[in-house]
Amino acid sequence: MSVAEPHLDPIGGPGEPDPEPSERPRKSMTIGAVCKSLQTEFPDISISKIRYLEDQKLLQPRRTPGGYRLYSASDVQRLRTILRLQRDEFLPLRVIRQELASGRAQEDERATPAPSGPGADPRARRRTSVTVSPNAPMYSLADVVEETRADPKLVQELEEYGVIRGDLRAGTKYYDETEREIVRAVAELARYGVGGRNLRVFRTSADREAALLQQLLAPALRSRNVERRKEALEALENLAAVTTHLKHLLLIRDLRKIAG
C-alpha cells in the first residue's frame with residue numbers, strides 16, 4: 001500500500017498524511033484536498049493559512065481515532081465564508097468570528113451565487129481585495145463598456161478627473177478589475193445625475209485615507225522580512241475594513257439629519 005505524500009505543517013514539523021480510507025467518513029476531505037478544491041476561487045489559499053485559521057479557533061475539523069483532521073462539507077463552507085469575508089469585505093478575524101457566530105456561513109450556503117455579466121446588479125458583485133496579484137486580469141475600454149454598460153464618454157471623464165488612470169500598453173489603454181468596478185459604480189451614480197466632476201470629493205477622501213494608512217504602515221510594508229510584510233498587508237486590509245465601516249456610519253448619521 002502506497003503512503004500519501006505528507007503535507008507541510010506551518011508550525012515547523014511534518015504534517016499529517018492522508019488518513020486510511022477506513023478512517024474517512026463519507027464526504028469528508030483532508031486538508032490537502034480542501035486546499036486544492038478552493039484554489040480556483042482563492043488562488044492564495046494554502047495549507048498553512050487553513051491551519052492558522054484553525055489555531056485562531058475559527059475552524060474545528062473533526063479528528064479520526066488516528067489523529068487525522070477531516071473537513072466536512074459544513075467545515076469547507078465555513079472556511080469559504082471566512083475567506084470571502086477577508087477578501088471581499090476586508091473584515092478582521094475578530095469581526096469574522098462574530099459573523100460566524102450569527103450564522104453567516106449557513107446564510108452563505110443557502111444564498112444564490114452573485115450574478116455576473118453585463119446584466120448583473122452591480123450591488124451584488126464582490127468588492128476587490130487590497131492584495132495585488134501580478135497576474136491580475138486587465139480589460140480594454142471595449143471590455144469595460146460591455147461589462148458595465150457605461151457610456152465611453154463617462155470613462156473618459158473619469159480619466160480626466162483622475163478617478164481612474166488605466167495602463168497604456170502597445171497603444172491600447174487597459175484597466176484593472178478595481179478600475180472596472182469604479183466605472184460600474186459611477187455608471188450607477190450617473191443615473192442620478194452624478195458626473196465625474198462630482199466625484200472629486202470621493203477621490204480626495206480616498207487619497208487622504210490612503211496617505212494616513214501609508215503613514216501608519218509604510219515601514220512594515222517596505223520591510224524585506226516576508227513575515228513582517230505579510231502581517232502589514234493583513235493589517236492594511238483590517239484598517240481598510242474599519243475605515244470603510246466608519247465612513248458608512250458617519251454617512252448614515254448625516255443622512256438621518258437630512259431626512260429630518
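**The chain as a whole**

Residues 24 or more positions apart account for 61% of those contacts in the protein that have a separation of 6 or more, a contact being heavy atoms within 4.5 Å. This is a predicted model, in which local features need pLDDT of at least 70 and side-chain atom pairs count only at pLDDT 80 or more, while totals for chains, interfaces and linings use all residues. Residues are numbered from 1 along each chain as its sequence is written, and side-chain values use heavy atoms, with hydrogens and water left out.

Display the cartoon: the protein has 10 helices and 5 strands. Helices (H or I, at least four residues) and strands (E, at least two) are DSSP runs, numbered from the N terminus. Of the 260 residues in the protein, 32% are buried; buried means under 20% relative accessible area, exposed over 50%, and partly exposed in between, with a 1.4 Å probe and protein chains only. The accessible surface comes to about 17100 Å², and 52% of it belongs to carbon and sulfur atoms. These areas come from the Shrake-Rupley method with a 1.4 Å probe, and for residues only the protein chains shown count as cover.

**Helix α2 and its cover**

Select residues 47-55, which form helix α2. Its buried residues are Ile 47, Ile 50, Arg 51, Leu 53 and Glu 54. They cover an arc of only 160° around the axis, which puts them on the same side of α2; the arc is that of the directions from the helix axis to the C-beta atoms. An α-helix has 3.6 residues a turn, so residues three or four places apart point the same way.

Following α2, Lys 57 has a positive phi, near 65°.

Which residues of α4 are buried? They are Leu 93, Val 95, Ile 96 and Leu 100. Seen down the axis of α4, these buried residues fall within an arc of 155°, so they line one face of the helix. Turn to the face away from the buried side to find the exposed residues Arg 94, Gln 98 and Ala 101. Just after α4, Gly 103 takes a positive phi of about 95°.

Select residues 172-176, strand β5. Strand β3 (residues 138-140) pairs with β5 in the antiparallel sense over 3 bridges; two strands pair if DSSP finds at least two bridges between them. Here Ser 140 stands opposite Tyr 174. Strand β4 (residues 167-169) also runs antiparallel to β5, joined by 3 bridges, and Arg 169 has Thr 172 as its bridge partner. The hairpin of β4 and β5 has 2 residues between the strands, and Ala 170 there takes a positive phi near 50°.

**Leu 199 and helix α9**

Move to Leu 199, in the loop between α8 (177-190) and α9. Is Leu 199 buried or exposed? Leu 199 is buried, with a relative accessible area of 5%. Not counting residues up to four places away in sequence, Leu 199 touches Leu 158, Val 163, Val 186, Leu 189 and Val 194.

Finally, select residues 200-221, helix α9, where Phe 202 lies. Ala 210 is also found in helix α9 and is partly exposed, with a relative accessible area of 45%. Ala 210 and Leu 236 are 26 residues apart in sequence, and their C-alpha atoms are 9.8 Å apart in space.
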